[in-house]
Amino acid sequence: MLRKHIKINTALSILLVQLTLVSCQKDNKKTAAKTVKTANDSIKATPLVTQEDTMDYSNFHIYSISVMSSAEKDALADVFISVSDIYTDPHPIQEGALKKQKDIPFEQIQYLELDAQHRKKMMDALKLTENDFLYIFNYELNTLQQIPIHKLKAVAYLSPYESDGEEVDPDSYMIGFQIEHLQNNTIYDKYTNAIAYFGSKNPFIEGKMQAIAWKKAGADIGKKYFNHPKLKSGNTYQARYENLTYYLQDYLEEEMVMERKLAVFNDRNEKIFERTITPAGNDGAELSPLNGIETDESNLMQWTGYLFKGKPPVIFGFTVQSFGCPSITFLDKEEKDIVINCDNRH
């Protein structure tokens with residue numbers, strides 16, 4: 001039976017792809033550094049961005065990567081990117097694929113390849129061409145894989161929540177692109193901490209992300225920067241990234257951490273960002289364990305740094321989602337969070 005393996009290894013719940021480092025050719029032309037506009041110009045300029053690298057973020061989508069147990073062999077797995085959060089056509093698969101399904105073994109309807117007509121319909125809806133690329137960036141390993149879209153199969157995988165004996169319809173399928181087929185199940189561990197993008201240009205900045213290394217801070221720090229009208233103060237933590245200092249305050253209810261507050265300061269001790277972090281109102285969500293405090297190096301949760309070209313630094317990994325998809329937050333109140341499309345259906 002087809003199963004979608006779920007392993008919380010980052011707050012993003014992102015499954016990733018084995019990546020091949022792509023060497024970037026140096027541009028010998030002189031380019032000016034592009035400055036990120038934030039409060040008090042308090043964040044350093046992003047790495048050099050050439051005119052050729054400038055991205056259009058007006059219709060920008062990133063995706064998680066899933067490892068699917070193979071319907072053909074239980075010991076093997078497929079690597080797959082679902083685009084069903086964006087592509088919602090009511091007829092995504094070819095007619096006749098599900099006819100007489102009661103007479104077909106369940107394993108045979110768990111996976112199918114889209115025909116040329118339905119592949120094109122999906123590509124048109126996503127505003128992609130066969131000349132575009134899939135970019136997969138592993139921000140932990142700092143590896144980038146670039147795959148021409150014309151080399152990828154357009155496929156449909158039956159949702160892991162569908163069971164043998166139930167009536168299957170087109171909405172029961174996750175639609176997208178197959179990246180790997182019939183790989184050893186150990187490949188799952190190679191697909192952590194990566195995100196994907198489809199388009200004509202690579203949006204990712206390499207070598208500028210890092211796991212946040214939290215350390216406990218003194219009670220004086222918590223009193224100086226934080227307060228809460230109702231909850232009791234718990235531990236305070238701090239970390240550094242380039243010219244930025246991050247402070248994080250726990251708030252307790254009956255000795256359990258119920259909420260956290262994050263404040264980020266520049267090297268002039270000016271607050272450039274703040275955020276209240278709580279799972280309240282998000283069914284099934286939990287606060288993530290903190291790097292170096294509640295987890296070891298093999299389970300890094302919070303990440304920060306420059307991830308997207310021409311954009312401010314990001315931060316993420318503070319909550320674990322059961323329903324819905326995780327988001328990436330920019331350290332700039334003028335920038336909206338980016339949701340990672342993960343097809344987290346139930």
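A disulfide is taken here as a pair of cysteine sulfur atoms within 2.5 Å, and by this rule the count comes to one disulfide. The structure is a predicted model, in which local features need pLDDT of at least 70 and side-chain atom pairs count only at pLDDT 80 or more, while totals for chains, interfaces and linings use all residues. Residues are numbered from 1 along each chain as its sequence is written, and side-chain values use heavy atoms, with hydrogens and water left out.

The disulfide is formed by cysteine 325 and cysteine 342, whose sulfur atoms lie 2.0 Å apart. Because the torsion about the S-S bond of cysteine 325 and cysteine 342 is about -95°, the disulfide is left-handed. The pair links distant parts of the chain, 17 residues apart, with cysteine 325 in the loop between strand S19 (319–320) and strand S20 (327–330) and cysteine 342 in the segment after strand S21 (338–341); helices (H or I, at least four residues) and strands (E, at least two) are DSSP runs, numbered from the N terminus. Cysteine 342, at 12% relative accessibility, counts as buried, where buried means under 20% relative accessible area, exposed over 50% and partly exposed in between (1.4 Å probe, protein chains only).

Five strands form an open sheet with antiparallel pairing in the order S2-S3-S8-S7-S4, two strands being paired if DSSP finds at least two bridges between them. The edge strands, each pairing on one side only, are S2 and strand S4 (111–113), and the twist averages 45° from one strand to the next. Helix H1 packs on the sheet, touching S7 and S8, and its direction makes about 110° with that of S8; contact means heavy atoms within 4.5 Å, and axes are lines fitted to C-alpha atoms, for helices over the stretch in contact, with angles running from 0 to 180 degrees between N-to-C directions.

Within this sheet, strand S2 (residues 66–69) pairs with S3 in the antiparallel sense over four bridges, with valine 67 opposite valine 79 and serine 69 having alanine 77 as its bridge partner. Strand S3 is also joined to S8 by six bridges, again antiparallel, and phenylalanine 80 stands opposite glutamine 178 in S8. Seven of the seven residues of S3 are buried, so this strand is largely enclosed by the rest of the structure. Both faces of S3 are covered, with Leu76, Asp78, Phe80 and Ser82 buried on one side and Ala77, Val79 and Ile81 buried on the other.

The largest nonpolar core has 37 residues, of which Met122, Leu134, Tyr173, Phe177, Ile179 and Phe198 touch the most other members; such a core is a set of buried Ala, Val, Leu, Ile, Met, Phe, Trp, Tyr and Cys residues joined through side-chain atoms within 4.5 Å. The elements that give two or more residues to this core include strand S3 (76–82), helix H1 (116–125) and strand S8 (173–184), and the largest share, four residues, comes from S8. A second, separate core of 22 residues includes Phe60, Phe204, Leu300 and Trp303.

Another open sheet contains five strands in the order S11-S12-S13-S14-S15, with antiparallel pairing. Its edge strands are strand S11 (215–217) and strand S15 (271–277), each of which pairs on one side only, and neighbouring strands are turned by 25° against each other on average, direction ignored. Eight bridges join strand S12 (residues 232–241) to strand S13 (residues 244–253) in an antiparallel arrangement, in which tyrosine 241 stands opposite leucine 244.
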